Each structure stands twice: as structure tokens, then as C-alpha cells.
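Here are my notes on the charged pairs in this model. Have a look at the structure first, then go through the points below.

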Amino acid sequence: MSEAAAVKTHDRGAVHADQLEPSLTPGNLGKLGMWTFLVGDAMTFGAGIAAYGALRINNPNWPTPADYLGITTTAIMTFILICSSVTMVEALDGVQHGRQSKFQTFMALTVLGGIVFLGMQAFEWHHLIAEKGMSIQRDLFDATFFILTGFHGCHVFGGVVYNSVLLIRGRMGKLPQAKAGLVEIAGLYWHFVDLVWILIFTFIYLI
């Protein structure tokens, strides 16, 4: 191999090395940890929804969800949660491009969306318990409803706390563009919570 060819081959290898992203950076480890958590969490929610389906199929006296649950209220809750996913994407775009004002505005809207969702869920639970007489001890329909929606509500609460911490760090100037990966990881969690709610809304409220 000539010297010129050797230099060309060396340069080509250098380009490829620059293009490859290190696999064990702190950011990638954070994403890997979150993905691992989400896979386990997805299996938990999947088992819960599957159990709900099995109990419902094998019970001819299973009540019609629409007779108890408020579809309109829950549809609004679903819309709010979906919108909060959009604002989360905009918040991530803001911090990735060093636009702190955009990040803080849209992250605040994301937190607000989660709080409104939790408030409406609390209102729904109060209505079902006080006026419809539903109770986790009354029958399997009530028990599966409160367990699945309550477990998901805990996830929304965790996401609100998670996003609030990032928002506070942003306001304190402790979330620069270089740490945008933290917001991306939080976004993975938040989008997962939204996706799970769409499944719960479909299987428990609509079908």
C-alpha cells in the first residue's frame, strides 16, 4: 500500500471514529436506566390490563362502564394529557437550543397539565365514590378500576414532581444546554405515562 493510500485509509477511519457516539456516556446510561424502568413498568401495566380483560370476559354480569364512568370528563383529561406531551416536546426543544425562556414556559405548561389531570381525576373519584357508590371492596369492576387508574395517577404525580424539579433547576440557571439529556429522559417517562393512559382510557372507559 502506498503512503498516500495509507494516509487516506487512516483519515477515513478517523472520520468514522468521530461519527461514532460513545456507548457509555452518562447521558446514555440515564436513557438506558429509564428504558429499563419503562420496560418493567410496561409489563406491570400490561399485566393489570390483561387481568382486567380476563375478569371481564369471564364475568357475564360485568357492568357497562358507560353506566358508571363519565366519558366526557375523562375525554377532556385525556386531551389535556396528550397536550402536555406536546408541551414536553417543545420544552425539550427549548433547552436543546439554549432557549431557557421557551423551556421554562413549556415545562410549566407540562406541569400544569399534569396537575389539572390529577385534579380532574380526584374530582372523578369523589363523584364515583360519593354519588355512584363505587368502592374498591364492592366488586371486581370497581377494584380493577381504582387499582389501574390509581396506579397510573401515582405515575402522573411522580412525573409532575420530576418535571417540577427540572423546571426549578432551569429557573435557577442549573439546567444549561449541555444537560438537555435530563429533560429528554424526563420526556421519555412523560410520554410513556400518556401512552399508558390512552390504553387505560380505551380498555376501561370506551370498550
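1. Glutamate 90 comes out as partly exposed, with 28% relative accessibility. On that scale, buried is under 20% relative accessible area, exposed is over 50%, and partly exposed lies in between (1.4 Å probe, protein chains only).

2. The side chains of lysine 102 and glutamate 90 form a salt bridge, 3.0 Å from N to O. The two sit in distant parts of the chain, twelve residues apart: lysine 102 in helix α4 (residues 100-130) and glutamate 90 in helix α3 (residues 71-96). Glu90 and Lys102 also belong to a salt-bridge network that takes in Asp93. Salt bridge here means a Lys or Arg side-chain nitrogen within 4 Å of an Asp or Glu carboxyl oxygen; helices are DSSP runs (H or I, at least four residues), numbered from the N terminus.

3. A caveat: this is a predicted model, where local features need pLDDT of at least 70 and side-chain atom pairs count only at pLDDT 80 or more, while totals for chains, interfaces and linings use all residues. Numbering starts from 1 along each chain as its sequence is written, and side-chain values use heavy atoms, leaving out hydrogens and water.

4. How many salt bridges does the structure hold? There are five. One of them joins lysine 31 and glutamate 184 at 3.3 Å, N to O. That pair links helix α2 (residues 26-57) to helix α6 (residues 180-206), 153 residues apart.

5. Arginine 138 and aspartate 142 meet at 2.8 Å, N to O. Arginine 138 is partly exposed at 37%, whereas aspartate 142 is buried at 0%.
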